[in-house]
There are 2 protein chains.
Amino acid sequence: MRIAVLGTGEVGRRLATALAGLGHEVGLGSRTADNAEAVKWAEGRPGAIHGTFAEVGAAAELVVNATGGLVSLAALEAAGAGNLRGKVLVDVSNPLDFSGGFPPKVVTFDGLSLAERIQAEFPETRVVKTLNTMTNAVMVDPGRVPGEHVVFVGGDDADAKAVVTGLLGSLGWPAARIIDLGDLTSARATEQLMPIWLRLHGVLGTGDFNFAVCRAADQPS
Amino acid sequence: MRIAVLGTGEVGRRLATALAGLGHEVGLGSRTADNAEAVKWAEGRPGAIHGTFAEVGAAAELVVNATGGLVSLAALEAAGAGNLRGKVLVDVSNPLDFSGGFPPKVVTFDGLSLAERIQAEFPETRVVKTLNTMTNAVMVDPGRVPGEHVVFVGGDDADAKAVVTGLLGSLGWPAARIIDLGDLTSARATEQLMPIWLRLHGVLGTGDFNFAVCRAADQPS
């Protein structure tokens, strides 16, 4: 599949590398055409390209938003509604405001999550929120943390969620550990997991952890 | 120990019953002196009393806030700062506003959690936030859910947290599954767990679940 990863930070590069490793043709996108991280990342990597948000977005069948949550809307506007139309947009970002120091605040948008705000602004794009509740190393290698920890998926388009669930499976997530939370309003819940995630990061001294949901064995999964 | 449980709802009665079962002298407190639930609860139960928030608060060495989060401040004011002075206050409540329908909003207080707001209003009381991230049946019987699920503890007073940790142990929580999140600002993180808890409740069709934190075995616990 042709995949655009928007955002050249650690999250974006990690996801782009993992997806390219799975044989996808991946474009790493940034605000500028000659982003040093993106150029370096694409160099010599089979099927890899780099470019502006719009360039990689136009070329892709599926787009991953790995930009910082506070600049995601601007990045997606730069990508262009036309280039995102009809496509699955995997939103892994969190709208964290560090301006007041640590811990950051999770920004909401008139009560909506960032994912819902994106969906409202790009109604013809099919937004799926996932992977935003863990560190990027765990996103692409769930086996590095033991136990039955989970990844959440939320979105309004069932077909889009099925595509994303398949992608998660190819990254190593067993089906039983992919929890479909329903529609995109569920992104409010997963984005609000950031405060406890950040707190646990401090207490445990590592980001190499993830949440599990324990339940009685006879409960429906 | 003489314990006051403020709040005669399901959470309060469940905690009061469990604590009385452990041999504590428990007072179940309500806004009025003749609350039917409280009268019924105390009847024939060894060491049990019922009364107003102030009456049971005055008699207690440790106080549990199990009132609804939106009325907790009023309930604690009714209990009286003098009756709470120097005591450990175990806050298990969540400030959920259902006025806009489901899902409820988690109310914050100028960016503070309810627990911090309580601590600010009762500076001579030692507030410990705990148990607010699970259904009441699991609070008092962690074994009903399998797995290494956890309970969080946060508070500014180390001695108070030690008392509460001991109480949690007597309710069946193994020490390794009691996670000390540090000071009371951590209550922002645990109160914000409500949205994902409520969402999972809907998806799983049961409240009989709890969160675990999976981490590599060689990480510090």
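Pro103(A) lies in the loop between β6 (96–97) and β7 (105–106) of chain A, where helices (H or I, at least four residues) and strands (E, at least two) are DSSP runs numbered from the N terminus. The peptide bond that joins Phe102(A) and Pro103(A) is cis, with omega about -5°. In chain B, Pro103(B) is placed in the loop between β6 (96–97) and β7 (105–106), and the bond from Phe102(B) to Pro103(B) is likewise cis, with omega near -5°. A further backbone feature is found at Asp110(B), which has a positive phi of about 50° although it is not a glycine. Asp110(B) belongs to the loop between β7 and α6 (114–121) of chain B. As background, most residues other than glycine have a negative phi, and most peptide bonds are trans.

This is a predicted model, in which local features need pLDDT of at least 70 and side-chain atom pairs count only at pLDDT 80 or more, while totals for chains, interfaces and linings use all residues. Residues are numbered from 1 along each chain as its sequence is written, chains are lettered from A and ligands numbered from 1 in the order in which they are written, and side-chain values use heavy atoms, with hydrogens and water left out.

Over all chains, the structure holds 21 salt bridges, a salt bridge being a side-chain nitrogen of Lys or Arg within 4 Å of a carboxyl oxygen of Asp or Glu. One of them joins the side chains of Lys129(A) and Asp91(A), at 2.8 Å from N to O. This pair links distant parts of the chain: Lys129(A) is in strand β8 (residues 126–130) and Asp91(A) in strand β5 (residues 88–91) of chain A, 38 residues apart.

The relation between the copies comes next. With superposition by least squares on the C-alpha atoms of residues with pLDDT of at least 70 in both, a rotation of 180° with 0.0 Å of shift along its axis brings chain B onto chain A, at an RMSD of 0.0 Å. The two copies are therefore related as by a two-fold rotation axis. In chain B, the C-alpha nearest the axis is that of Ala212(B), 2.4 Å from it.

Ala212(B) also takes part in strand pairing: it is the bridge partner of Ala212(A). Strand β11 (residues 209–215) of chain A and β11(B) pair in the antiparallel sense over 7 bridges; two strands pair if DSSP finds at least two bridges between them.

The contact (heavy atoms within 4.5 Å) takes 37 residues from chain B and 37 residues from chain A. Because 100% of the interface residues of chain B are also interface residues in chain A, the copies meet through the same surface. The area buried between chain B and chain A is about 2900 Å², of which carbon and sulfur atoms give 67%; buried area is the accessible area (1.4 Å probe) that two parts lose on being put together, summed over both. In chain B, Arg199(B), Leu204(B) and Cys214(B) lose the most area to chain A, together 22% of what that side buries.

Between chain B and chain A there are 2 salt bridges. Asp183(B) forms a salt bridge with Arg199(A), with the closest N and O atoms 2.8 Å apart. The elements that give two or more residues to the side of chain B touching chain A are β10 (178–180), α9 (186–191), α10 (194–204) and β11 (209–215) of chain B. The largest share of that side, 7 residues, comes from β11(B).
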